[in-house]
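Work through the exercises below with the sequence and the structure at hand. Try each task yourself before you read its solution.

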Amino acid sequence: MRDVTVRYASGVVALKNVSLDIRPGEMVSVVGLSGSGKSSLIRTINGLVPITSGSLRVGGYHLESARGGELRRLRGEIGMIFQGFNLAKRTSVLNNVLVGRLAHTTTLRTLLLGAYRASDREIAFEALNRVGILSKVWDRASSLSGGQQQRVAIARALCQEPRLVLADEPVASLDPPTAHEVMDDLRRINQDLGITVITNLHLIDLARSYGTRIIGLRAGEVVFDGPVESASDAVFAKIYGRSVESADVLGL
Amino acid sequence: MSARGATVARTIATLDIPPRPGCQWKPWCAVGLVAIITVITLSPQWGIDFSLEAIARNWQNGAEKILQLLVPDWSFFPRTVPALLETLQMAVIATAVAAVVSLPLSLATARLTNPNGYSRRLVRAVLNVIRSIPDLLYAAILVAMVGVGALPGIIALVLFNVGIIVKMVSESIEANDPGALEAGRAAGGNQVQINRASALPDIMPSFINQTLYVLELNVRASAVLGLVGAGGLGLLIDAVRTFYRYDQLSLIILEILIIVMALDLLSNAVRRRLV
């Protein structure tokens, strides 16, 4: 990522000349206050937010020029997890997980109900098993608890067989114990499968205990980038532009 | 009490309340507009010409008709059965065709499921034209084009239904949570795939709801369409009306009432399972 700037149509500049190199297999925590550009950063990586200037290379793809089919193929290799889970609530868990196979499925096949390939279903079952909710495979997504829904979302991302997983505040809507379970799932994905994981977090202790590298954003600029050991309270104070408070940690 | 009131007053005085954004006069404008329209419609120069006096003048006539309506001619029932069945068939066929046509069109007219502004506006414009023409007018024109019978009635109903279903369902799509669609986009799906896999499950209840509602509308509408020659009960209604057989007419009205009520019960049962 070289000198990436993102300016929205409203004129808001979300990222200012951001340059980063993220190596395969890293577990990165991106921290910063809300409005600091965390979400924009993560969304530029899979092209949900177009970059205004600069260059961004992900895998073998050039984001600044990728369009249409190329962009979809790139997104197919990047899993994404959202704060609000973003499931289709009225359909089954399996159908939600199979959304992760869209980039590998023809449009015609998608249009026909349940015409996913048997191999795709196999991948979906394995993904659900990995996050421990295979027993819920036929349930309606809306009938699950928040933590279970987020695991379905992780299974959906795994189903893409991604090389990179982006997580945008994955635990901000969950209670503390569930938050730790979901973060454990993400760590296991990183360690067992060797998938690069980039997670947006605003809670300091979560960023410290689950990341190996911390990137601090403030007003769209990278103000810290280093291994988790060197991210002291003073560093966080710099990222947040104020001293660290008790509300900045999850506790537990 | 007064002390507290004073505190409140002081607090408000010290609070820096931003000025309320304009237009306190808007409601008054609305009232004024209604008043102006009322005056115009009631004025002898421009208003429509009607007087309640006619009811008083012809009350005997009206009372006679109502008395006839109150005594249905049950012996007429066997003759109404074929027309009744034709009306039901027209309603069901039209609803089915309209539902199939409406689903993709609904997705094409909602911003969330069709981000392409040009195609969306084009489909919307066409549907606005379709919706602005009343079903009876469609039937009248189609009878002239394809002849008397059930076919023009069915086509008229389909056009009428597509306008309603697409409008309602595309509005419910816009009200849905865009999160699932964003997830589909992030997973690398194209718009058609995203619509099928993520949007469709969420809009299905509203779609089925509207389709059931339209089925009910069709039973009533197809009764009227027959008046211009488009098949069904309406043809029969036209016939008995010409012969002033209000007792037979009341039997037909009764039949329509029973079918509409039955459909209402059915759609309520389906709806309960849906949500």
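**Exercise 1: the strands of chain A**

A:Arg218 stands opposite A:Glu221 in strand 11 of chain A. Before going on, note that this is a predicted model, in which local features need pLDDT of at least 70 and side-chain atom pairs count only at pLDDT 80 or more, while totals for chains, interfaces and linings use all residues. Residues are numbered from 1 along each chain as its sequence is written, and chains are lettered from A and ligands numbered from 1 in the order in which they are written.

Task: find how strand 10 and strand 11 of chain A pair, and over how many bridges.

Solution. Begin with the terms: strands (E, at least two residues) and helices (H or I, at least four) are DSSP runs, numbered from the N terminus, and two strands pair if DSSP finds at least two bridges between them. Strand 10 and strand 11 of chain A pair in the antiparallel sense over six bridges. They form a hairpin with two residues between them, and A:Ala219 in the turn has a positive phi of about 50 degrees.

Task: state the order of the strands in the open sheet of chain A, and say which are its edge strands.

Solution. The sheet has six strands in the order 7-8-9-3-10-11, with mixed pairing. Its edge strands are strand 7 and strand 11 (221-227), each of which pairs on one side only. Next, look at strand 3 (residues 27-31), which runs parallel to strand 9 (residues 196-201) and is joined to it by five bridges. Strand 3 also pairs with strand 10 (residues 213-218) in the parallel sense, over four bridges. A:Val28 shows both pairings, with A:Ile198 as its bridge partner in strand 9 and A:Arg213 as its bridge partner in strand 10.

**Exercise 2: helices across the sheet**

Task: determine which strands of chain A helix 7 lies across.

Solution. Angles run from 0 to 180 degrees between N-to-C directions, along axes that are lines fitted to C-alpha atoms, for helices over the stretch in contact. Helix 7 (residues 176-193) of chain A lies across strand 3, strand 8 and strand 9, running at about 155 degrees to strand 9. Helix 6 (residues 146-159) of chain A, in turn, lies across strand 7 and strand 8 (164-168), at about 170 degrees to strand 7.

**Exercise 3: where the chains meet**

Task: find which element of chain A gives the most residues to the side that touches chain B.

Solution. Two residues are in contact if their C-beta atoms, placed from the backbone, lie within 7 Å. By this rule, 25 residues of chain A are in contact with 19 residues of chain B. Helix 2 and helix 4 (107-111) of chain A are the elements that give two or more residues to this side of chain A, and helix 2 gives the most, with four residues.

The buried residues of helix 2 (residues 68-76) of chain A are A:Leu74, A:Arg75 and A:Gly76, where buried means that 20 or more other C-beta atoms lie within 10 Å of a residue's own. These buried residues pack against strand 5 (57-58), strand 6 (61-62) and strand 7 (78-81) of chain A, together with helix 9 (179-186) of chain B.

**Exercise 4: chain B**

Task: say how many helices and how many strands chain B has.

Solution. Chain B has twelve helices and zero strands. Buried residues make up 32% of its 275 residues, and in helix 4 (residues 59-70) of chain B the count of buried residues among its twelve residues is zero.

Methods:
Expected span 1.5 Å × (residues − 1).
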